Amino acid sequence: MQRYITWSTLLVLLIVLGLVGVTTAQQPKYGGTLRVAWEQDVTGFDPHSSPGLQVQYIAGNLFNSLVTIDAHLNYVPELAESWEVQDNGKVYVFRLHKGVKFHDGTDFDAAAVAWNFERITDPEEKAFARPFFEIIEAVEPLDAHTVKFTLKYPTQMFLPTLAVHRVGFLIKSPTSYQKWGRQEAHLHPAGTGPFKLVKWEPNQIIVFEKNPDYFKKGLPYLDRIEFKIIKDGITRATALRTGEVDFVNYVPKEMVERLSKDAKVQVLRGPDTQNVNISFNNGKKPFDDVRVRLALGGYGIDRQVIAKTALLGLGKPLWSFIPPGAKDHIDFADEFPYNPQKAKALLKEAGFDEKNPLKYTITTHGAEPSLPTIATIIKTQLTQVGVEVTIEVIDRPVFLRRLTTDRDWDQIVNLTGSSLDAYSRSFVLDTRGVNPFNHTDTRLDALWDQLKQAPTQEEVSRLNYEVQRHLMRNMIAISATTLPFIQAARDYVQGYVFERGFKLRFATTWLDKPQR
């Protein structure tokens, strides 16, 4: 029996557990440098074409969108002052803030919005979010500060596309892009955001400085942010405890209890919106055989043990690609229980047994410290069904190239971004999009198309459920556990709003301590 979690019930949990910002009644102070222990280097700073979660997180400090989300997941204006819905939901007219400048000094206007849309939807640009934007027919500047979006059909997916799916519709300077060209644009992120990039020493440090011309009055408070690349999780947490850094992204699970007991540290966590992805390369033999995927990903591993051992009980067993902190999650525990004998039988049907054992490689990285441990547990468990697994742990930028460009892998153990619902993962699960899992399932594509055109939230939920069932029964994309998104900060870090991995923004953050 599949178990469902309703969004109304979850919303209460979000308010209680996930919306705790580092706030105070004191007057914010200007100045200072926030030192952040950052888990991995980035691949660049292009919000739409640079791969990796680290880029998605950082991008919100360099760029703005027309619409964003607040801490309660409401859709709120950002570069747009307001919008008007016309023609029964087929047309949206946005009125833009005036006087906004890109970091390169050029004007943000309606023409820049239209250019960004054209760039994202240009197949040559290979923008990850392009499938989301295919619901849009045209973007037309009506004047310098008014822009009209005409949709192909009324859809519930438009505002989420602008605000939150992958990175939302972050706007970059057309002039900067034209100056540096496609090959170099990711190194020169001229947005409108509260901070500017001033230094990047790969695998060492990323430095942002305050944008003095930021259009949101009074923000940001910080003068500078230093993202120090510290790949080892224990070292990151130790740096926070000793005061070497002020903020840690991705706190390792084994350090959560210790940090929670430190009176000078604040640990931030909410309902799980991320997951550990253990998908197979669907286009590579023998993983193109659903029996093999069902054996290895459905019945051959014990998710309860993985969650308890690798995540120290902080994460939960998970089958679906959609975690319980997202809308319309289904729990498939009863449908795919741990059953080594059933896994063996499926493998034998597919041609693998003691005389001809399946041998393959799990590829992972250490950006999230639990991933290599999870890979090792899976390797150990699969020996019980006669499978021989080799594990390779590689640097995350190399991992991302192997995953999305080279397609050179068998199975991955990877972390995902935060999911709002099933459709928010469509950009990696549509054969017409990025499709790193190399599947050829056009039925899934058809479900994405139906979701785009769903006229009501009730129909969206029905299709979210159907997508999950289809993904699981064909093992196209699967999970091992939820992935708790846990951050921590020193007690003097104020004004930061914890957004459960959907966003990581420091515009309102300030330091309640004497400035150095």
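**Close-up 1. Helices H9 and H11 in contact.** In this predicted model, Arg 291, Val 292, Leu 294, Ala 295, Leu 296 and Tyr 299 of helix H9 meet Pro 340, Lys 342, Ala 343, Leu 346, Leu 347 and Glu 349 of helix H11, where contact means heavy atoms within 4.5 Å. The residues of this contact divide into nine nonpolar, no polar and three charged (Ala, Val, Leu, Ile, Met, Phe, Trp, Tyr, Cys and Pro count as nonpolar, Asp, Glu, Lys and Arg as charged, and the others, Gly among them, as polar). H9 covers residues 290–299 and H11 covers residues 340–349, and their axes come within 8 Å and cross at roughly 165°; axes are lines fitted to C-alpha atoms, for helices over the stretch in contact, with angles from 0 to 180 degrees between N-to-C directions. H9 and H11 are therefore roughly antiparallel to each other, a term used for angles over 145 degrees. Helices (H or I, at least four residues) and strands (E, at least two) are DSSP runs, numbered from the N terminus.

**Close-up 2. An open sheet of five strands.** The strands are arranged in the order S17-S16-S18-S14-S19, with mixed pairing; two strands pair if DSSP finds at least two bridges between them. Strand S17 (388–393) and strand S19 (479–482) stand at the edges with a single partner strand each, so one side of each has no neighbour in the sheet. From one strand to the next, the twist averages 20°. Strand S16 (residues 359–364) pairs with S17 in the parallel sense over six bridges, and Tyr 360 stands opposite Val 389 in S17.

Close-up 3. Leu 219 and Pro 220 are joined by a cis peptide bond with omega about -5°, and Pro 220 is found in the loop between strand S10 (205–210) and strand S11 (224–229). A cis peptide bond also joins Lys 285 and Pro 286, with omega about 0°, and Pro 286 lies in the loop between strand S14 (275–277) and H9. Asn 88, although not a glycine, has a positive phi of about 55°.

**Close-up 4. Residues 5–21 and the confidence of the model.** Over residues 5–21 pLDDT stays under 50, pLDDT being the predictor's confidence in each residue, from 0 to 100. Where pLDDT is low, the predicted coordinates should not be read in detail. The chain has a mean pLDDT of 92, and 95% of its residues reach 70 or more.

Residues are numbered from 1 along each chain as its sequence is written. In this predicted model, local features need pLDDT of at least 70, side-chain atom pairs count only at pLDDT 80 or more, and totals for chains, interfaces and linings use all residues, while side-chain values use heavy atoms, leaving out hydrogens and water.

Terms used:
Angles under 35 degrees count as roughly parallel, over 145 as roughly antiparallel, 65 to 115 as roughly perpendicular and the rest as oblique.
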